[in-house]
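Welcome, and thanks for taking a look at this one. Here is a short tour of a few local features.

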Amino acid sequence: LVVSDHGLPVIADALAVIECTIHSVTEAGDHWFVLGKVLRMEAPREGDPMLFHRGRYGGFAEIA
């Protein structure tokens, strides 16, 4: 487990890291809308992100 300087867990080898404190939580139907105050944000390495949409994993493609 990797822990940040803010004491928050960080996924090892992630493409991006956004650390936040919770500002507010609002019920939104069958979901919750969580608004955070960003403490730190970085993109430590290059790579293609994982995409999950409509119950499937995929990726992005270049538009010609």
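## A nonpolar patch

At least two residues of the nonpolar patch come from strand 3, and at least two from strand 4. (Strands are DSSP runs of E with at least two residues, numbered from the N terminus.) The patch lies on the surface and consists of Ile22, Val25, Trp32 and Val34, whose accessible area together is about 450 Å². Areas come from the Shrake-Rupley method with a 1.4 Å probe.

Val34 sits in strand 4 and is partly exposed at 48% relative accessible area (buried is under 20%, exposed over 50%, partly exposed in between).

This is a predicted model, where local features need pLDDT of at least 70, side-chain atom pairs count only at pLDDT 80 or more, and totals for chains, interfaces and linings use all residues. Residues are numbered from 1 along each chain as its sequence is written, and side-chain values use heavy atoms, leaving out hydrogens and water.

Strand 3 (residues 17–28) and strand 4 (residues 31–42) run antiparallel, joined by 11 bridges; strands pair if DSSP finds at least two bridges between them. Ile22 has Gly36 in strand 4 as its bridge partner. Two residues lie between the strands of this hairpin, where Gly29 takes a positive phi near 70 degrees.

## Positive phi outside glycine

Asp13, in the loop between strand 2 (9–10) and strand 3, has a positive phi near 65 degrees and is exposed at 59% relative accessibility.

Terms used:
Helices (H or I, at least four residues) and strands (E, at least two) are DSSP runs, numbered from the N terminus. Patches are made of residues with over 30% relative accessible area and no salt bridge: like charges are joined within 9 Å, nonpolar side chains (Val, Leu, Ile, Met, Phe, Trp, Tyr) within 5 Å. A salt bridge is a side-chain nitrogen of Lys or Arg within 4 Å of a carboxyl oxygen of Asp or Glu. Buried means under 20% relative accessible area, exposed over 50%, partly exposed in between (1.4 Å probe, protein chains only).
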